[in-house]
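Hi everyone, thanks for making time for this. I'd like to walk you through one structure today, so let me put it up on the screen.

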Amino acid sequence: MTLSDQEAEPLSNASLEEIIEVMPEPDEGDLELVAGAEPKARSQFQLVVRRFLRHRAAVFSTVLFVILLFMCFGATWVAPFARNKQDLLADIAGPSRHHLFGVDQLGRDYFTEVLYAGQVSLKIGIAVGLLSTIVGFAAGAIAGYFGKSIDNLLMRFTDLFLVIPAIAVLAVALKYFGYTDVTIILVLAGLAWMGVARVVRSQVLSLREKEFVEAARASGASSWRIITRHILPNMLGPIMVNATLGIAGAIVTEATLSFLGFGVQPPKTSWGKMLSDAEGQVGGKHAFLLYFPGLMLLIVVLCVNFLGDGLRDAFDPQAKH
Amino acid sequence: MIKFIARRVLFSIPVLVISSFIVFWGIRKTFDPTAKYRTSKDAARLIAEKRKEFGLDKPIVVQWWNWATKFVRGDWGVSTSTNGKVTDMVSRALGFTVQLIFWGVVISLVIAVVSGVYSAVRQYSVADVAFTGLSYLGVAMPPFWFALLAIQFLSVEPKLHWHLAHPIVYFVGLHSTGQSGFNLDYIRHLALPVLTLTVQTVAVWSRFQRAAMLDVLSADYIRTARAKGLPRRKVIFKHALRNALLPLVSQTAVDAGALFGGLIITESIFSIPGMGRLFLAGLLAGDVNVILAWMLVGAVFVILFNLLADVVYGFLDPRIRVT
Amino acid sequence: MSDQPLLEVTDLSVDFPTDDGVVHAVDRVSYSLGENETLGIVGESGSGKSVTSLAILGLLPKRAKITGSVKFRGRELIGLKDSEMRPLRGRNIAMVFQDALTSLNPVFRVGDQIAESITAHRDLPRHELKARVIELLELVGIPNPVERAGQYPHEYSGGMRQRAMIAMTIANEPDVLIADEPTTALDVTIQAQVLEVMERVKQRTRSAIVLITHDLGVIAGVADRVLVMYAGRQVELGTADEIFYQPHHPYTEGLLASLPRLDRRSGSERLHRIKGQPPSLLALPPGCAFNPRCPHAKHGKCDGPRPELISIGRSGHLSACLRAEEIYAAEQVTV
């Protein structure tokens, strides 16, 4: 259902693009064409919000994501059972009306466990997404704006990590720093910022050459002012899109590491850790233990990806996917 | 061309040197290969002896230098956990890995190109919407979970349901005992691991191919080709496809590292004794020689893959052909 | 002109549905083209010149709604299937596009791309094909045609690419050659050379030419008749002399006045510029689309019902100005 919704929207975008293409307008994009029809001036922000709301899959995903966030972080109130409450008399059992996701090997309500594990997965994912975006943006902007030597250094540094598979670096680093939430966040962000920096750098490099930046520089604006007043606002779209993609990536990476045993350690759980614990059930009678944590991962990542798509379309309707 | 390749290889050498040092240092700091002797009787003497044997008493740079000079001469050292020669371990593991990567890349490319081109040419058709939906799922799917589900639903459940003697597709190793070579048994073993390895690449690449093809189809030169009176087939498969393959070629090179890393998951779930498993075992034991060998083999793989992509790109696009 | 025109366009309209309403890219355009005639179509960007031609060749995206009629030698082209249209493209009606850099496929040799437009319509033995390609390159004035045929578009200069483009389109000696801004992307000197090549081609192939441009200067020495378009509509149609010396529409007049001219005393007059911007095709002003920018616009008349084309003087000269006779009556006498 969400897919057809998602598909309906770009259709109308594409049509306008194609017309613009066959009728070259001197120096006006489609925005002006639309603005001509509706002369009422709208702020950039309102336009972005309006375009985002038209992307139904993104709106639906955002709502779902927020609900999941509330359920996980409000688990104390939402969860039907107390955390880690072992009912040794209750046998391992599949989903029922009483236990939505079933009961695990220790007689715990699996739904409750999934909600609490989600706290860790989501916390790490969101923190890594935000942290890597901030650091990556700063590094990318500096490299792109101040040029040559810093730029070279950053690019060589990121080249380094293009050769070494990320998962190996993460596993070694976590083994070294330990497996607390904070170290996991720092280590994941420590690798993820480089991708952001590359994107930001190339954006800044092209923005730097734009007329309005040249004009600001010619009129004597300081570098700080140019970055904060002229470059940053234009980067807002790519930054937000990157942050959402970063969150999705970090959630999967954490899950993968935890699954392999290099992430969250007991007694803490995350969705990846739960899957690791349930791995032995594959092919057995209790395979349902594998379904729910994975399903949560899939849903969250899908939501965040759609959210990112919506943001990208809202900020930059011309961009091709 | 040769000059160009040589330059690329030369450029990657410093990267390899530095990254190997960082990993060497990281592992030495993290793992103590003498830890297992701590509980033995004559612990102090044994540890001191082993420290000398492994060269741990020297500064880290010297240790690394010793390792590096031996490594380039073909002496990759001995595993600290199994005492086996690392070169032997790697050459045994590499065979499995090459098979997985080869089939993974071939199948990903075929599916991505076919579905991507179809989706673009028949934009918003039922099949396009279905492919797009699947690709969204594929991108978001954690590969290890996908593997577990695939085992459950494609192998175990059908076997139970139809009371088969053997599952349709296996999930352990690449051959049944006593079998070898390219045969049905091989395909039945290969299916799930390759599916797992490629679930994300197929999704990403087919979206990439669709976007590239859509982009190219609206290009001026496609309009020219149509205006010449060329048949639709020729416009799509000659004029558009050749141009639309270019971004995909670049993307495959970018994803080479991810594919190699993805082997860790795939091989560990499907019990295939390739490089990924070698790495996992090495990491759990803090086996520095094994990990470094794995890393450098991976790096060489990434570089080779990139070179191949460059060559293919140059073949497809005369504009960047290097003389 | 013979009885049956080569190409007859009647009430051709092209609409694009968009999110924000329907764009009338072309609105009831009619013209006819005789054998070996050159018709100039003039108008600003977005006036529907290119869309008109793309509609004739059936090259518009599927969602474009095309109505009206286009007859080639009496045969209706609108509504033909792509497979029925294909044999006509490039053989009977060929088109030169504006930007030769993006209009040539970057990954194929220029010679092969020219050869392809021949083989799309008939089979030729290899050596004859090769000879024909070289002959074509020679005809459009490309030096070292043998060597050049084996090169890629990026190895050509801008002017040469446009010549190659022309060579490609005349390969089958088409009856109608539509040239969409063939010189816009080029230097002035190269522009003249390309126009000269087109003239030579016309002599040689007896093709009729539709020359689309925003620049009246380009058309001046070349066109037999001129069609002026504004906001997707036809505003004036007449012989080149009529359009240049007795324009009967304020928009044509404005275009003429904005041409730099040598006979104007230097310094005494600044270059004229039509005030305002072309309107959005989504929200055309009522009545005459040009009325908000028109110096002669009269409230209550020009913003009333949409003006139809009316005949001016001799048959064939048409203008869509409601006040044409009022405004131009005086001049009519003096000229």
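Let me begin with a question for you: how many of the 7 residues of strand 10 of chain C are buried? The answer is 6, so this strand, residues 233-239, is mostly covered. Before I go on, please keep in mind that what you see is a predicted model.

Let's stay with strand 10 for a moment and look at its partners. On one side of the story we have strand 9 of chain C, residues 225-230, which pairs with strand 10 of chain C in the antiparallel sense over 6 bridges. If you want a landmark, find C:Leu227, which stands opposite C:Leu237 in strand 10. The two strands form a hairpin, with 2 residues between them. In that turn sits C:Ala231, with a positive phi of about 50 degrees.

Strand 10 of chain C also pairs with strand 12 of chain C, residues 318-319. Those two run antiparallel and are joined by 2 bridges. Our landmark comes back here: C:Leu237 has C:Leu318 as its bridge partner in strand 12.

Now for a parallel pair in chain C. Strand 6, residues 93-96, and strand 7, residues 176-180, pair in the parallel sense over 4 bridges. Within that pair, C:Ala94 stands opposite C:Leu177 of strand 7. Which way do the residues of strand 6 point? C:Ile93 and C:Met95 go one way, while C:Ala94 and C:Val96 go the other way, and all are buried.

One bridge to look for is the one from C:Pro17 to C:Val22 in strand 2.

C:Asp11 lies in strand 1, residues 7-18, and has a positive phi of about 50 degrees although it is not a glycine. Is C:Asp11 buried or exposed? It has 11 other C-beta atoms within 10 Å, and the cut-off for exposed is 12 or fewer, so C:Asp11 counts as exposed.

The next stop is C:Asn36, in the loop between strand 2 (21-33) and strand 3 (38-42) of chain C. Its phi is also positive, near 55 degrees, in a residue other than glycine. C:Asn36 has 15 other C-beta atoms within 10 Å, which makes it partly exposed.

Over to chain A, where the picture is helical. Chain A has 13 helices and 0 strands. Buried residues make up 43% of its 321 residues. Of the contacts in chain A with a separation of 6 or more, 70% are between residues 24 or more positions apart. You will find A:Pro267 in the loop between helix 11 and helix 12 (271-278) of chain A.

How does chain A meet chain B? The contact takes 38 residues from each of chain A and chain B. On the chain A side, the elements that give two or more residues are helix 1 (2-22), helix 7 (148-163), helix 8 (166-177), helix 11 (223-260) and helix 13 (288-315). Helix 8 of chain A gives the largest share, 8 residues. By class, this side has 25 nonpolar, 6 polar and 7 charged residues.

In chain B, let me point out helix 5, residues 126-140. It has 15 residues and reaches 21 Å from its first C-alpha to its last, close to the 21 Å expected at 1.5 Å a residue. Its buried residues are B:Phe131, B:Thr132, B:Ser135, B:Tyr136, B:Gly138 and B:Ala140.

Last topic, the nonpolar core. In soluble globular proteins, nonpolar side chains tend to be buried together. Here the largest nonpolar core has 261 residues. Which residues have the most contacts inside it? They are B:Ile291, C:Ala164, C:Ala167 and C:Val210. Leaving aside neighbours within four places in sequence, B:Ile291 is in contact with B:Val23, B:Ile27, B:Phe279, B:Gly282 and B:Leu283.

Note on methods: Residues numbered from 1 in each chain as written. Chains lettered and ligands numbered in written order. Predicted model: local features only at pLDDT ≥ 70, side-chain atom pairs only at ≥ 80, totals over all residues. Contact = placed C-beta atoms within 7 Å. Nonpolar A, V, L, I, M, F, W, Y, C, P; charged D, E, K, R; others polar. Expected span 1.5 Å × (residues − 1). Buried ≥ 20, exposed ≤ 12 C-beta atoms within 10 Å, placed from the backbone. Pairing = 2+ DSSP bridges. Core = buried A, V, L, I, M, F, W, Y, C linked by C-beta atoms within 7 Å.
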